[in-house]
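Got your viewer open and a cartoon on screen? Let's take a walk through this one, stop by stop.

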Amino acid sequence: MRLYLIRHGQTPDNVRGELGTTVPGPGLTDLGLEQAAALPDALASAGIGALSTSTMLRTQLTAAPLAASLGLVPTVRDGLREVEAGELELRSDQEAVSTYLGTVLRWVDGDLDARVPGAEDGHAFFARFDGAVDEVCAGGLDVAAVVSHGAAIRGWAGRRASNVDAAFVRAHQLANTGVVVLEGAPGEGWVIVEWADEPVGGALLADPSASDPTGDAA
């Protein structure tokens, strides 16, 4: 099957450079709403037959225009939420951001015992995200989409896709409403066929002034 992993639109946390991972979290900025509104045109020909979001408000607001255009009701799946920041929650300093993203990259490299202080380790993260993807794939559709989060998408795709590694994930950002497209299936494996690091509406919907810790290249 083909699986679209869509990062949510811009949030106030993204603008401030903060690691905001608690549920339900903030909504979208005005730019984030514009980014979400660009999804229907960008993905009109993708053939998406099912749409899922995390339990976090920003993914649900991002998915709403696409769901309306496709006539779909998104399924909320807890496993798709962001990598927990634990003791680093709402910090924006370089040490916190490096620790957080560094942990995700260690997971991609196979060190699943690593954990953000006060948060889940890689075993727990992949168990919940894999479970959510398994549920999506169990629908038997050829194409499905998930609206999730920067670190979660980069970490899961980087670990589960056979054609990328931690160096690739480190070097490739995933801007708000950036899309990673994979082909494959649970138990058979995945390959990344597209990593669109810009917002779906292109550079006009980007915000280069924002310090975006979970989407920037490390």
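Before the first selection, one term: two strands count as paired if DSSP finds at least two bridges between them. Keep in mind, too, that this is a predicted model.

**Stop 1**

Select residues 179-185, which are strand S5, and then 189-196, which are strand S6. S5 and S6 pair in the antiparallel sense, over 7 bridges. Now pick out Val 180: which residue of S6 stands opposite Val 180? That is Trp 195. Further along, click on Glu 183, and you'll find its bridge partner in S6 is Val 191. The hairpin has 3 residues between the strands. Gly 187 is the one to click on in this hairpin, with a positive phi near 85°.

**Stop 2**

Zoom out and colour the strands. S5 and S6 belong to an open sheet of 6 strands, in the order S3-S2-S4-S1-S5-S6. The pairing in this sheet is mixed. Which strands stand at the edges? They are S3 (75-76) and S6, each with a single partner strand, so one side of each has no neighbour in the sheet. As you follow a strand, remember that in a regular strand the side chains alternate between the two faces of the sheet.

**Stop 1: the helices lying on the sheet**

Select 57-70 to bring up helix H4. H4 lies across S1 (2-7), S2 (51-53), S3 and S4 (143-148). Look along S2 and you'll see H4 running at about 165° to that strand. Next, select 122-137 for helix H6, which packs on the sheet and touches S1, S2, S4 and S6. The direction of H6 makes about 150° with that of S4.

**Stop 2**

Is H7 mostly covered or mostly uncovered? It is mostly covered, with 9 of its 11 residues buried. Among those buried residues are Ile 153, Arg 154 and Trp 156.

Two packed helices are described by the angle between their axes and the distance between the axes. For H6 and H7, the axes come within 11 Å and cross at roughly 85°. That angle falls between 65 and 115 degrees, so H6 is roughly perpendicular to H7. Show side chains here: Phe 125, Phe 126, Phe 129, Asp 130 and Val 133 of H6 meet Ala 152, Gly 155, Trp 156, Arg 159 and Arg 160 of H7. Sorted by class, this contact has 6 nonpolar, 1 polar and 3 charged residues.

On the H5 side, select Tyr 100, Leu 101, Val 104, Trp 107 and Val 108; on the H7 side, Ala 151, Arg 154, Gly 155, Gly 158 and Arg 159. The residues of this contact divide into 6 nonpolar, 2 polar and 2 charged.

**Stop 5**

Move on to the loop between H7 and H8, where you'll find Val 164. Its relative accessibility is 14%, so Val 164 counts as buried. What does Val 164 touch, leaving aside neighbours within four places in sequence? Its contacts are Ala 157, Gly 158 and Ile 192. Val 164 and Ile 192 are 28 residues apart along the chain, and their C-alpha atoms are separated by 7.6 Å.

**Stop 6**

Most residues other than glycine have a negative phi, and most peptide bonds are trans.

- Thr 177 sits in the loop between helix H8 (166-171) and S5. Its phi is positive, about 65°. At 0% relative accessibility, Thr 177 counts as buried.
- Leu 90 is in the loop between S3 and H5, and its phi is also positive, near 65°. Leu 90 counts as partly exposed, at 47% relative accessibility.
- Pro 24 belongs to the loop between helix H1 (12-16) and helix H2 (30-37). Select Val 23 along with Pro 24 to see the cis peptide bond that joins them, with omega about 5°.

How values were computed: Residues numbered from 1 in each chain as written. Predicted model: local features only at pLDDT ≥ 70, side-chain atom pairs only at ≥ 80, totals over all residues. Heavy atoms only, no water. Helix = DSSP H or I, 4+ residues; strand = E, 2+ residues; numbered from the N terminus. Contact = heavy atoms within 4.5 Å. Axes fitted to C-alpha atoms, helices over the stretch in contact; angles between N-to-C directions. Nonpolar A, V, L, I, M, F, W, Y, C, P; charged D, E, K, R; others polar. Buried < 20%, exposed > 50% of the residue type's maximum accessible area, 1.4 Å probe, protein only. Parallel < 35°, antiparallel > 145°, perpendicular 65-115°, else oblique.
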